[in-house]
Protein chains: 2
Amino acid sequence: MPPADPHSNPLVRKLDNFARLSFEERRILHHAATERVRRIGARESLVHEGGKPPDISLLLSGWACRYKMLSDGRRQILAFLIPGDLFEQNGHVLREMDHSIGTLTPVEVGEIARPRFDEVLSERPRIAQGLLWDTLVGAAIQREWTVNLGRRDAPERVGHLLCELFVRLQSVGLTLGNRCDLPLTQNELADATGMSTVHVNRTIQDLRAANLIILREKTLTIPDMDTLKRATRFSPTYLHLQRVGGHLDASD
Amino acid sequence: MPPADPHSNPLVRKLDNFARLSFEERRILHHAATERVRRIGARESLVHEGGKPPDISLLLSGWACRYKMLSDGRRQILAFLIPGDLFEQNGHVLREMDHSIGTLTPVEVGEIARPRFDEVLSERPRIAQGLLWDTLVGAAIQREWTVNLGRRDAPERVGHLLCELFVRLQSVGLTLGNRCDLPLTQNELADATGMSTVHVNRTIQDLRAANLIILREKTLTIPDMDTLKRATRFSPTYLHLQRVGGHLDASD
DNA sequence: CGACGCCTTGACTAATCTCAAGGGTGGTGG
DNA sequence: CCACCACCCTTGAGATTAGTCAAGGCGTCG
């Protein structure tokens with residue numbers, strides 16, 4: 001059951017990092033996103049490369065990822081989807097998916113039909129701006145992953161990714177102090193960072209030994225965020241969380 | 001001097017790969033993009049990380065790139081911009097640039113003021129759709145680079161990039177048979193593929209020895225595209241060039 | 001009680017980087 | 001006009017990083 005309270009809707013929370021929505025806007029957005037909710041188990045396929053793009057979908061709970069398989073079985077994870085992430089917002093423009101999307105944990109996905117979505121956007125420009133901001137941040141994250149894979153060494157790469165995930169989870173209220181859930185296997189981290197599973201394992205052990213992270217039982221603890229940021233050259237600028245649309249804030 | 005004929009405008013040509021524009025739309029788009037043209041030399045900065053996003057800009061001729069520097073001087077090239085590429089279409093939404101843009105060759109850049117741009121979009125939905133398509137293709141390219149850096153070995157990586165550039169150049173009419181200009185140094189290829197310059201050099205020699213590419217004096221020749229595609233596991237699907245908006249074609 | 005997935009370790013191999021140096025070319029200033 | 005410099009491409013040798021293969025422990029779930 002999706003939460004009844006708009007304020008606990010992770011997309012609503014995320015957009016607060018851009019500009020404050022009005023009470024009415026929160027209600028509308030939450031309602032549209034929870035009218036039709038699918039519950040899906042872990043490690044299932046949501047969208048298949050080559051297939052038709054799905055309806056606009058919002059991850060309400062759980063984790064998923066975009067990924068691409070090569071013909072010989074190599075997999076690259078392109079992005080992690082966490083609660084509050086909208087996917088295929090503009091899917092209807094393309095004929096077919098160029099990558100796949102699959103769940104990592106059990107998830108709840110809210111599906112919004114195109115006409116309903118367009119209606120919300122045209123009636124609520126602040127929401128439209130917020131979702132545009134979200135799309136741009138998504139592109140910035142993809143660029144940062146390019147940097148990560150291309151120019152950072154193993155400890156930086158893994159640590160940087162963990163930093164990013166922590167900050168993103170924080171922006172939707174899914175952290176508790178310096179801790180958060182991290183339901184990823186080392187194999188998934190490897191496919192996201194372009195490394196082998198064995199090397200991820202050794203790298204994590206190094207990060208642990210340097211007391212940069214504590215990671216066990218699917219929980220990540222960051223003892224000292226500043227130190228980890230410095231060690232991994234993480235600068236959160238690219239996440240554009242500084243309420244860049246603050247001038248659009250609703251007044252109610 | 002920008003070309004006077006809309007049909008030779010590289011953006012107009014590119015959008016033809018999505019849906020056919022009307023005569024009037026071509027004229028409007030070309031006109032808006034060439035009202036104010038800046039000419040800039042090679043290896044100059046167009047936009048600086050941390051600075052304010054620029055006006056909407058269209059690369060009319062020459063090459064540029066998006067890139068990011070790390071604090072110790074490592075550079076990652078995030079994207080190559082070729083004629084017809086629009087950049088910072090939605091820059092106004094973000095407060096500051098999270099990466100830089102610089103020229104690689106001398107370029108001509110058309111700048112379009114935001115109000116003028118919005119006017120064109122709202123009056124010409126087919127252009128708006130085309131530019132949205134272009135943005136989505138840009139995101140798909142960024143994802144493909146993620147795959148390239150994360151999961152392909154050196155020869156695949158370089159060859160795949162060359163395939164992509166060739167096909168993109170083709171889509172704006174900048175190839176001649178199986179040849180195209182490729183004004184990149186091996187150092188720039190290295191920063192794009194996440195490799196060292198030395199290794200790029202050796203990899204190119206391997207590709208040459210296998211007769212997959214001919215690359216000299218800034219000209220790339222691909223003797224057999226099918227073989228190169230197979231060797232580098234290149235599938236052009238992600239470029240979405242199959243006229244996916246064909247149902248929107250103008251009738252004049 | 002297996003079977004399986006996940007994390008871990010060791011030993012070995014392969015890919016890639018770094019450092020160093022030389023040749024070619026084009027542009028610039030004396 | 002020529003010397004010089006900067007940049008680019010190339011090559012070799014050695015160091016380093018990361019991958020592969022193989023195996024064992026541990027917990028979970030049917």
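Reader: Which residue in β8(A) is the bridge partner of A:Ile40?

Author: Strands are DSSP runs of E with at least two residues, helices are runs of H or I with at least four residues, and both are numbered from the N terminus. Two strands pair if DSSP finds at least two bridges between them. Here A:Ile40 has A:Val107 as its bridge partner in β8(A). Strand β1 (residues 37–40) of chain A is joined to β8(A) by 4 bridges, and the two run antiparallel.

Before we go on: this is a predicted model, where local features need pLDDT of at least 70, side-chain atom pairs count only at pLDDT 80 or more, and totals for chains, interfaces and linings use all residues. Residues are numbered from 1 along each chain as its sequence is written, chains are lettered from A and ligands numbered from 1 in the order in which they are written, and side-chain values use heavy atoms, leaving out hydrogens and water.

Reader: Which residue stands opposite A:Glu111?

Author: That's A:Ser57. Strand β3 (residues 56–61) of chain A pairs with β8(A) over 5 bridges, in the antiparallel sense.

Reader: How many residues of β8 of chain A are buried?

Author: Buried means under 20% relative accessible area, exposed means over 50%, and partly exposed is in between (1.4 Å probe, protein chains only). In β8 (residues 107–112) of chain A, 6 of the 6 residues are buried. A:Val107, A:Val109 and A:Glu111 point one way, A:Glu108, A:Gly110 and A:Ile112 the other way, and all are buried.

Reader: Why does B:Ser100 count as buried?

Author: Because its relative accessibility is 5%. B:Ser100 sits in strand β7 (residues 100–103) of chain B. Contact means heavy atoms within 4.5 Å, and, not counting residues up to four places away in sequence, B:Ser100 touches B:Val47, B:His48, B:Glu49, B:Cys65, B:Arg66 and B:Tyr67. Its side chain also reaches the backbone nitrogen of B:Glu49 at 3.0 Å.

Reader: Which residues touch the most other members in the largest nonpolar core?

Author: In soluble globular proteins, nonpolar side chains tend to be buried together. A nonpolar core is a set of buried Ala, Val, Leu, Ile, Met, Phe, Trp, Tyr and Cys residues joined through side-chain atoms within 4.5 Å. Among the 66 residues of the largest one, A:Trp63, A:Phe80, A:Trp133 and A:Ile213 touch the most other members. Helix α5 (residues 154–171) of chain A gives the most to this core, with 9 residues. There's also a second, separate core of 65 residues, which includes B:Leu21, B:Val120, B:Trp133 and B:Leu182.

How values were computed. Polar contact = N/O pair within 3.5 Å; in protein donor to acceptor, adjacent residues only side chain to side chain.
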